[in-house]
Protein chains: 2
Amino acid sequence: MEKAMEKAIEIIRERTFSGSDSRKYCVLAQEDLDGRITAAVITAAKADGIKHINLCSGINSNWAQRALRDNRAAICFESDEYCITLRGSLDILTDEKSKQENWYDGLENHFSGADDPNYCVMRFTTEVYKLFIDWEETEGSL
Amino acid sequence: MEKAMEKAIEIIRERTFSGSDSRKYCVLAQEDLDGRITAAVITAAKADGIKHINLCSGINSNWAQRALRDNRAAICFESDEYCITLRGSLDILTDEKSKQENWYDGLENHFSGADDPNYCVMRFTTEVYKLFIDWEETEGSL
């Protein structure tokens, strides 16, 4: 189990913006504004182990508006070889420090800078995880 | 828009069990039994355009039990180059014809055969779609 957790942490780190994996994204699932369930890919900005995954978006984006309405969410990192499911909550951060720390190249196409009032950080906090790694399943809560 | 839809239909068909893509799966998002949101990969058995995606599972599996409790669901087919988000409902089929038609190699590791009472088909019906294909976004309802 510890080995699966170590691998999960490494996979997630490599799939964030500063990682070496070319797939710097995850699938984020939420309840949509109309009450339906939705799921789509989003860039993973930064991670803190499997506990927190930080994502960047506009405060008026569907992602952020859904989180403000209902902060339940799930994140899935998957490939042909693994599936990491994290279930928890997605909270909107607008403080200067979080916005600076999570800024990545490319966001300048959408925002004037890290201090743009339209830009926000969506901080996912894992409550429950299920790891399918090396063809074995491990689950637990944090 | 028609072109994006044609491409989406092709992508999905290739990612089902009889398709030629090696990634014969999608991400399925649901509300979990504990009320949290969850998302994980599942094999795509068959598709009928983008309207229906059929998945196979055990009637006692978490997937099926979640669908019986709350049939809202989303399916996401993604790669480095596209993201197809389908939002709708997931219904459980247990009729003989559906079970026969959707059976695929490998299910014999989990079920005694297509007539196994534990085996069921989960039929996803798309209500709303969002296609990110060729770097353009298209959305609509069916």
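**Where the chains meet**

Author: This is a predicted model. Chain A and chain B bury about 2,400 Å² between them, and carbon and sulfur atoms give 51% of that area.

Reader: Why quote an area?
Author: The size of an interface is often given as the accessible area lost when the parts come together.

Reader: OK. Which three residues supply more of the area that chain A buries than any other three?
Author: A:Arg36, A:Ile37 and A:Arg87. They supply 27% of what chain A buries against chain B.

Reader: And how many residues are in contact?
Author: 30 residues of chain A are in contact with 30 of chain B.

Reader: Do they meet through the same surface or through different ones?
Author: The same surface, because 100% of chain A's interface residues are also interface residues in chain B.

Reader: What rotation superposes chain A on chain B?
Author: One of 180°, with 0.0 Å of shift along its axis. The RMSD is 0.0 Å. The two copies are therefore related as by a two-fold rotation axis.

Reader: Which C-alpha of chain A is nearest the axis?
Author: That of A:Ala29, which lies 3.1 Å from the axis.

Reader: Back to the interface. How many salt bridges cross it?
Author: There are 8 between chain A and chain B. One of them joins B:Arg87 to A:Asp32, with the closest N and O atoms 2.8 Å apart.

Reader: And how many residue pairs are in polar contact?
Author: The count between the two chains is 16 residue pairs.

Reader: Which strands of chain A each supply at least two residues to the side touching chain B?
Author: Strand 1 (25-31), strand 2 (37-43), strand 5 (72-78), strand 6 (82-93) and strand 7 (119-133).

Reader: New topic. How many disulfides are there?
Author: 0, over all chains.

Reader: Is A:Cys26 buried or exposed?
Author: Buried, with a relative accessible area of 1%.

Reader: What about A:Cys83, how far away is the nearest cysteine sulfur?
Author: It is 3.7 Å away, in A:Cys76. The cut-off for a disulfide is 2.5 Å, and A:Cys83 is in none.

Reader: Is A:Cys83 buried or exposed?
Author: A:Cys83 is buried too, at a relative accessible area of 5%.

How values were computed
Residues numbered from 1 in each chain as written. Chains lettered and ligands numbered in written order. Predicted model: local features only at pLDDT ≥ 70, side-chain atom pairs only at ≥ 80, totals over all residues. Heavy atoms only, no water. Least-squares fit on C-alpha atoms with pLDDT ≥ 70 in both. Contact = heavy atoms within 4.5 Å. Buried < 20%, exposed > 50% of the residue type's maximum accessible area, 1.4 Å probe, protein only. Buried area = accessible area lost by both parts, 1.4 Å probe. Salt bridge = Lys/Arg side-chain N within 4 Å of Asp/Glu carboxyl O. Polar contact = N/O pair within 3.5 Å; in protein donor to acceptor, adjacent residues only side chain to side chain. Helix = DSSP H or I, 4+ residues; strand = E, 2+ residues; numbered from the N terminus.
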